[in-house]
Amino acid sequence: FYEMKQAMMNAHPQDNETVGSMIQEDLYSVLAAMLRQEEEYECHDYLEFDDTKIDETCRTKMTEWVFQVVDCTRLQRETASVSMSYLDRFMCTSSPTAKKARLDRKEYQLVVLTTLYIATKIFEPFAMDASLVSKLSRGVHSEEEIIALEYEILVALQWKVNGPTPLQFVNYLLELLSTSCQDKALLYEHS
Amino acid sequence: MPKADRWSSDEEEIVLLSLLPKPISHLDEGTYGVVWKARDNATQEIVAIKQIKFDSDMTKEGFPISALREIGVLLSLSHESIVSVREMVVGSTPDKVFMVMDCFEMDLQAAMKKGPGASTPFAQSEVKYMMRQILSAMAHVTSIARKYEHPARNMTQMVVTLWYRAPELLFSESCYGPEIDTWSIGCIFGELLIKEAILKGTGELDQIQKIFKLLGTPTDDEYWEQLWSKQGSTFKWKNNDSDLARTFAVNSFSATGQSYLSPDGFDLLSRLLSLNPKKRITAEDALRHSYFSCGVTEQVPMFYV
């Protein structure tokens, strides 16, 4: 996928035809900037780490749960995927809780809750209270635990919380296509 | 992550050389903690260090939202005319979080007061230089910000400092885009020309009146008719004609202490200050405007050198 994107970047724009409200050339430069940015938000496959007890099933369950919460509370699905990206990046760090969470599923769940808490703060008009997040865990995790972990996660991610997301790439790549608006909306919906 | 003691030497954890002047027009006042000028012990560079202000209910709501958003966005931007956050630094306790940023001697407001004499207008070439910087920074932000089209719309009515607030926001329009920023840039353009804020309203209503007085009441405008009828407004605004041409004289040599303004410049100013947000020029288009391609060449302002 990365190579495909690279190839698209290298293909020089032929003309300055306006695509939507943005000129093609601008689109290429935005995509190029996003690719550069993406490198700073890198992450590894922590399911392969030697010390991990988290497996694919476990992560899949958590992903489903996050999307369920987001759908029930009418948040944007994009917020859920951003929160999953925080989760994955954090789990690769050597932060104490990340290490613990690789061994302990309960701790892993706490990380999931907290990354969702952070993502809503940044991308939703209305943030969730830490107390609500605590309720979501059915009282397993306290507000204090969530707030303390929020800080730990932010430090571990070095406050890099606005990385480019796959959906944004799709959005820009779609603008490069010369299909009709309706088709684009449909394609976007399917992505 | 580096600890604050890289800048250390006393119990305050950072070397506080002198206090910077407070930032001028900020979008979210709440986030602004104190800004310090400090020396980086590792590189000897002078940097600005801003301490994030925490509300007392930090224990309830965790890391402040506005600060979190500001940091995230600044870290994802990279433009020569936008102050960059070099890194985030933490102290010994969670309420000690610092942003290490490039250090600038002054902000625009301070520069306007300084200059080669407070009452001397900027040279046309200097105004042009600053306008290009502001517009290209804005174009960069807009291209990145397109990624965040949804969030936090409801709150933002209140965020822009009154004097720079676009008219549609004053009428509680809650659906908008980058046009509100180009309006603000128009206000700054005018301010650079006369070294004084051009629309100094004392309240929201007064701000509207000042805007309509300067730019004329939008009597025959589709956008405003729609907005007002949507809001069921029966209020009749006094009919004014635009005063813009009289306020900003074209081709005249500073009888009024105004910077020289070419006809191109005036055209750009009026397009930035278009009452109809749909017709307001975008930052990208403004950069392609003849103001920048014709006439005098840009020059680094005196206060830089």
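Modeller: I will start with handedness: a crossing is left-handed if the near helix is turned anticlockwise from the far one by less than a right angle, and right-handed if clockwise. This is a predicted model, in which local features need pLDDT of at least 70, side-chain atom pairs count only at pLDDT 80 or more, and totals for chains, interfaces and linings use all residues. Residues are numbered from 1 along each chain as its sequence is written, chains are lettered from A and ligands numbered from 1 in the order in which they are written, and side-chain values use heavy atoms, with hydrogens and water left out.

Colleague: What is the hand of the crossing of H3(A) and H4(A)?

Modeller: The crossing of H3(A) and H4(A) is right-handed, so by the definition the near helix is turned clockwise from the far one.

Colleague: What describes the packing of helix H3 and helix H4 of chain A?

Modeller: Two packed helices are described by the angle between their axes and the distance between the axes. Here helix H3 (residues 56-72) and helix H4 (residues 77-91) of chain A have an angle of about 145° and axes 9 Å apart. Axes are lines fitted to C-alpha atoms, for helices over the stretch in contact, and angles run from 0 to 180 degrees between N-to-C directions.

Colleague: Which residues in H3(A) and H4(A) meet?

Modeller: Contact means heavy atoms within 4.5 Å. On the H3(A) side the residues include Val66(A), Phe67(A) and Val70(A), and on the H4(A) side they include Ala80(A) and Met84(A). The residues of this contact divide into five nonpolar, three polar and four charged. Ala, Val, Leu, Ile, Met, Phe, Trp, Tyr, Cys and Pro count as nonpolar, Asp, Glu, Lys and Arg as charged, and the others, Gly among them, as polar.

Colleague: How many helices and strands are there in chain A, and how many in chain B?

Modeller: Chain A has 10 helices and two strands, while chain B has 12 helices and five strands. Helices (H or I, at least four residues) and strands (E, at least two) are DSSP runs, numbered from the N terminus.

Colleague: How many disulfides does the structure hold?

Modeller: The structure holds zero disulfides over all chains; a disulfide is a pair of cysteine sulfur atoms within 2.5 Å.

Colleague: What makes Arg138(A) exposed or buried?

Modeller: Its relative accessibility is 79%, so Arg138(A) counts as exposed. Arg138(A) lies in the loop between helix H7 (130-136) and helix H8 (143-156) of chain A, and has a positive phi of about 55° although it is not a glycine.

Colleague: Where is Gln158(A) found, and what is its relative accessible area?

Modeller: Gln158(A) is in the loop between H8 and helix H9 (166-176) of chain A. Its relative accessible area is 39%, so Gln158(A) is partly exposed. Gln158(A) is not a glycine, yet has a positive phi of about 50°.

Notes. Buried means under 20% relative accessible area, exposed over 50%, partly exposed in between (1.4 Å probe, protein chains only).
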